[in-house]
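I opened my notebook to look up a few things in one structure.

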Amino acid sequence: MEMTMRRLAWQNGKSGMKNYVSMILSLAFTVMIFLNFQVMVYSDLLVSLGEKNQEYVEMIIQALSVVLGFFMVFFIGYATNVFLARRKKEIGIYVFMGLSNQKIAKLYMLEMCMVGIITLAAGMGFGILMTRLFQMILLAMSDISLDIGFSFTWQPLAVTAAFYLAVYLLFVVRGYVNIIRSSVLSLLSAQRQNEYVRQARAVLIIRSLLGIGLLAAGYYTAVKEGGQEVLRNVLLAVILVVAGIYFLFGGLFPLLFQSLARRKRFLYCRERNLWVNQIVFRMKKNYRVYAVVCVLMTCSVTALAAAFAMKGRYEGMVHFRNTYTYQLLSVLPDLEEKAVRAIEQDNGIALRTKIEMLTLADSEVSAGGKTCTLLSYSQLRRLAKEAGLEFACKEPGSREVVEIEHMYLMSFYTKRSGIPVDLLGKRFLQVQAVNEPYLGYLQEMMSFYLVSDAAYRELEPLGQKLYAYNYRIKDTKNYKASLEALGALVSQDADHYTARIVTGPDAGSDMEWVKILYSLGVFLFMVFITASGSILFMKLYNDAFEEQSRYAVLQKIGCSARALRRSAGKELLASYALPFLVMAVSAYFSVHALEKVMFENLMGILFVSIGVIFVFLVCCYLLSLWVYLKNARIVNL
């Protein structure tokens, strides 16, 4: 009997393999991605980046692995549930062959275990084959030159297999228990059991209002400016938007189509009765799926925008640090010519600037943190002109300041104006913040405020004057040649205090991890979009079998195949269009919020990513429609 059950499970698996193809391919894809992430962690590839960069990259990959892990749990659970519903009626027939629920459940488990083993083998096999290509693409996108060798250890395989099997078997056991507890009638009518929600109009109205209200609150919270509370606002916005999308698909859209179905003049025009009611029914059972797909697509756009923002900020920070090669900070006002002679012994000077500044004691400045330094408006404008830098600062009022900040990778402090600043007991108001590299690397070491010339003269007797001498050489690779000569000018004596700052062409080497993060963001965009298309495709693939009898009846009563094809096309179009439209709106606010913390213009990336998703979904729609028409057995295809 044991051999018979295994043989029967094997025969069922072979004969029904076409039902499992989309499931196997989708799950194998997730296994392959998860495996390649683990290979990155356990390989020696990242050692060449340096200890600090390696630590950051491994931390990021582990965080993304957790995200992928949660996604795999959902995806595996969803796929097994869909195909359990698809197989229930078929395996329920075995009741009439004298098999008990326990034996039917065992048959299901054997069949699913075979599919699981095939999926794991396919995913890990392709993952091993694609490992080197994955790493090459990742490093090429990151613009990092490293030697890639094929070194493979058992740890990535063990972690991937253990995680996948644990999650997969959990849902298989769940299906096993489900079958044991099912009645004969529920097994035979499983294809007619769906995810119903109560469709009372009052309930739908409440859900609609909740969805609109939560989304509006989430969008507002996401773009709201603030100080330290911005991080809290971002987390709150994510919760509100996800909940709002759920209620939108569970309330507003069913209410909308249900209202259209009640308008007879609309319903009985142009064969709309063939598809409007069906969309209402489809919204009843699939609204959770649409909500999840919408959230996934929104995450994909956000991930891509974050990737490009990271790349832009990295390039900006490297450019920022390389504004000057040498900088001298001194109490001496006449050090310029000595510094020029020292540099010109071995290098030509491409740019030179000088500026006077006023340093204030930290205890007398409310900004705190780094040493606070004041710059006068006219002197900074002159320096910007000499350095060829943009000067977009308007002259501050007598009690106003402009913060001259360094370039952050990101900042959750998005409020840039209206901030009170106390300088030597006098209250000023910050009206603007700019991050042009007027003082290069010095701006990362000190806190600079731009004040009017009159305010500078007023505070001048209360502070310590310093002079910054800034130089950029023609051949930055030869920067070490002038170090010894410039070193002779350095002094710790209070009357001759002079400090030196040197910035070489490798100024961004401690931020190589950001470039890896950029490529991972692009990769996540592709993963989430592929997952979204796979989820919709699997759901519609399964729905097609459920609709065979309905289309058979419609054809028998005289509906043409052409009319049925148009009806099916509009049904499936709604399944793809509604999540896409909600995603486009949500992604706008998500990317706009990202712009504020990253200080980058990302609208171009938003429109490109939405365009890419649109093209991908169109391809998925056309493929789904072709498969749907075939599986639903609509004649004259």
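The entries below follow the order in which I looked things up.

**Entry: what I am looking at**

I noted that this is a predicted model. I kept that in mind for every value below.

**Entry: salt bridges**

I asked how many salt bridges a search of the whole structure finds. The search finds 9. I then picked out some pairs.

I took glutamate 336 and arginine 352. They form a salt bridge, and their closest N and O atoms are 3.1 Å apart. Glutamate 336 lies in helix H11, residues 336-344, while arginine 352 lies in strand S2, residues 349-360, so this pair ties together parts that are 16 residues apart in sequence.

I checked how open the two partners are. Glutamate 336 has a relative accessible area of 21%, so I wrote down "partly exposed". Arginine 352 is partly exposed too, at 34%.

Next I looked at glutamate 337. This residue also forms a salt bridge with arginine 352, with the closest N and O atoms 3.4 Å apart. Glutamate 337 is in helix H11 and arginine 352 is in strand S2, so the pair ties together parts that are 15 residues apart in sequence. Glutamate 337 counts as partly exposed, with 43% relative accessibility.

I looked up one more pair. Glutamate 460 and lysine 465 meet through their side chains in a salt bridge, at 2.4 Å from N to O. Glutamate 460 counts as partly exposed, at 24% relative accessibility. Lysine 465 is partly exposed as well, with 28%.

**Entry: a nonpolar patch**

I moved to the surface. Phe126, Leu129, Met130, Leu133 and Ile137 form a nonpolar patch there. Together they have about 490 Å² of accessible area.

I zoomed in on leucine 133. Its place is in helix H4, which covers residues 101-142.

**Entry: back along helix H4**

I stayed with helix H4 and found glutamine 102 there. Glutamine 102 is partly exposed, with a relative accessible area of 44%.

**Entry: two helices packing**

I turned to helix H7, residues 201-223, and helix H18, residues 561-598. They pack with their axes 8 Å apart. The angle is about 20°. Angles under 35 degrees count as roughly parallel, and H7 and H18 are therefore roughly parallel to each other. I also noted the handedness: H7 passes H18 in a left-handed crossing.

My last stop was valine 295. I found this residue in helix H10, residues 276-321. Valine 295 counts as partly exposed, at 21% relative accessibility.

How are the C-alpha atoms of valine 295 and serine 586 separated, and what is the gap along the chain? I wrote down 8.8 Å for the C-alpha atoms. Along the chain, the two are 291 residues apart.

Methods
Residues are numbered from 1 along each chain as its sequence is written. This is a predicted model: local features need pLDDT of at least 70, side-chain atom pairs count only at pLDDT 80 or more; totals for chains, interfaces and linings use all residues. Side-chain values use heavy atoms; hydrogens and water are left out. Patches are made of residues with over 30% relative accessible area and no salt bridge: like charges are joined within 9 Å, nonpolar side chains (Val, Leu, Ile, Met, Phe, Trp, Tyr) within 5 Å. Accessible areas come from the Shrake-Rupley method with a 1.4 Å probe; for residues, only the protein chains shown count as cover. A salt bridge is a side-chain nitrogen of Lys or Arg within 4 Å of a carboxyl oxygen of Asp or Glu. Helices (H or I, at least four residues) and strands (E, at least two) are DSSP runs, numbered from the N terminus. Buried means under 20% relative accessible area, exposed over 50%, partly exposed in between (1.4 Å probe, protein chains only). Axes are lines fitted to C-alpha atoms, for helices over the stretch in contact, and angles run from 0 to 180 degrees between N-to-C directions. Angles under 35 degrees count as roughly parallel, over 145 as roughly antiparallel, 65 to 115 as roughly perpendicular and the rest as oblique. A crossing is left-handed if the near helix is turned anticlockwise from the far one by less than a right angle, and right-handed if clockwise.
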